[in-house]
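These entries record what I looked up in the structure shown below. I took the fold first, then the aromatic rings, the disulfide and the pockets.

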Amino acid sequence: MKLFFGFLGLLAVGLSGGCASQDLVRVKPWQRATLADYTMRPDRDPLDGTLSEHVYFAREAASGGKGVGGSGCGCN
Amino acid sequence: MSSRTNLLRVLGFALAAAALAGGLRAEVKRGDHFPSLAAADLNGGTLPDTAGKVVLVDFWASWCAPCKASFPAYARIQTDYAAKGVVIVAVSVDEKAADFAAFVRKWSPPFATVRDQSQKLVSLVDVPTMPTSYLLDRGGKVRFLHVGYYGAETEKTIRAELDGLLAEGHSP
């Protein structure tokens, strides 16, 4: 029984220590140059956005979900 | 000893270990001594003499919009406080030297700008966000910390803190 709890303790320590590590899951603030680049913006190209909207409208029969006029009823 | 007691001990130990692992981060906080700028591998500019002076260390990057917004404020602070014994050192974390150089050329700040090319200093300090500035007293201890830049509010706070630190005079 002692061995079991010892193993369980080691496993818990290993797992909890890993969860607490900041290096595993976060890109550090000073490493975000690429993420901050203009090309990472989804709205960087107005034409591309319009085309995407058109595709969504044609495929889903829905429009207006991105802030333009219309209620999504397809009546525009 | 019951199984339940054992289980509680194991859980307690795990929680303590997790807290310890979280606390092992080397983030520089208020009250800590700031790492030596001279010993850090900084280039792209000349480090001013900071001995016995109140120092504002600002971590910035050319791709960081709030950092750009903070530069005019630091320029004003430099103009008003340099003669009183305040030194501003702006440390860039730009990976590309050209980005750093272009930014400095465009803004031509009146305070010292250097580049942490290997990002060793910023890693050591473990800056929580961009930009972050550290206000050090004459002894090199972090007295105030500004995470992010919030325009006039931040500038006003920094000025008040500088006044306070300057009023403390020289440490023995």
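**Entry 1. Cut-off for burial.** I count a residue as buried when its relative accessible area is under 20%. The model is predicted, and I read every value below as computed from it.

**Entry 2. Chain B overall.** I looked up the secondary structure of chain B and found 5 helices and 6 strands. Read from the N terminus, the order of its elements is α-β-β-α-β-α-β-α-β-β-α. Chain B has 172 residues, and 44% of them count as buried.

**Entry 3. Strand 5 of chain B.** How many residues of strand 5 of chain B are buried? I find that 5 of the 5 residues in this strand, residues 132–136, are buried, and I note the strand as mostly covered. In a regular strand, side chains alternate between the two faces of the sheet. Here Thr132(B), Tyr134(B) and Leu136(B) point one way, while Ser133(B) and Leu135(B) point the other way. Residues on both sides of strand 5 of chain B are buried.

**Entry 4. Partners of strand 5.** Which strands pair with strand 5 of chain B? One is strand 2 of chain B (residues 54–60), which pairs with strand 5 in the antiparallel sense over 5 bridges. Within this pairing I located Asp58(B) opposite Ser133(B). The other is strand 6 of chain B (residues 142–147), again antiparallel and over 5 bridges. There, Tyr134(B) has Leu145(B) as its bridge partner. I also noted that strands 5 and 6 of chain B form a hairpin, with 5 residues between them. In the turn of this hairpin, Gly140(B) has a positive phi of about 85°.

**Entry 5. Aromatic pairs.** I examined the pair of Phe34(B) and Phe59(B): the ring centres are 6.4 Å apart and the planes stand at 40°, so I class the pair as tilted. This pair links distant parts of the chain, since Phe34(B) lies in the loop between helix 1 (3–23) and strand 1 (42–43) of chain B, and Phe59(B) lies in strand 2 of chain B, 25 residues apart. Phe34(B) has a relative accessible area of 9% and is therefore buried. Phe59(B), at 0%, is buried as well.

I then turned to Phe34(B) and Tyr134(B), whose ring centres are 5.3 Å apart with planes at 50°, so this pair is tilted too. Tyr134(B) counts as buried because its relative accessible area is 0%.

I recorded one aromatic cluster formed by Trp60(B), Phe71(B), Tyr74(B), Phe100(B), Phe103(B), Trp107(B), Phe111(B) and Tyr149(B).

**Entry 6. Disulfide.** A disulfide is a covalent bond between the sulfur atoms of two cysteines. I found 1 disulfide over all chains. It joins Cys64(B) to Cys67(B), with an S to S distance of 2.2 Å. The link is right-handed, with 80° about the S-S bond. Are the two cysteines buried or exposed? Cys64(B) has 4% relative accessibility, so I count this residue as buried. Cys67(B) has a relative accessible area of 0% and is likewise buried.

**Entry 7. Largest pocket.** By class, the lining of the largest pocket has 7 charged, 5 nonpolar and 2 polar residues.

**Entry 8. Second largest pocket.** The second largest pocket holds about 230 Å³ of space. I count 18 lining residues here, of which Ser36(B), Leu37(B), Thr50(B), Val55(B) and Leu136(B) lie nearest the centre. Leu136(B) is also one of the buried residues of strand 5 of chain B. I divide the lining of the second largest pocket into 9 nonpolar, 6 polar and 3 charged residues.

Notes:
Residues numbered from 1 in each chain as written. Chains lettered and ligands numbered in written order. Predicted model: local features only at pLDDT ≥ 70, side-chain atom pairs only at ≥ 80, totals over all residues. Heavy atoms only, no water. Nonpolar A, V, L, I, M, F, W, Y, C, P; charged D, E, K, R; others polar. 1 Å grid on protein atoms, 1.4 Å probe; cavity = no way out; pocket = protein on both sides within 12 Å on 5 of 7 lines; lining within 4 Å. Points joined across faces, edges and corners; volume = space filled by probe spheres on them. Disulfide = S-S within 2.5 Å. Buried < 20%, exposed > 50% of the residue type's maximum accessible area, 1.4 Å probe, protein only. Helix = DSSP H or I, 4+ residues; strand = E, 2+ residues; numbered from the N terminus. Pairing = 2+ DSSP bridges. Phe/Tyr/Trp six-rings, centres within 6.5 Å; stacked < 30°, edge-to-face > 60°.
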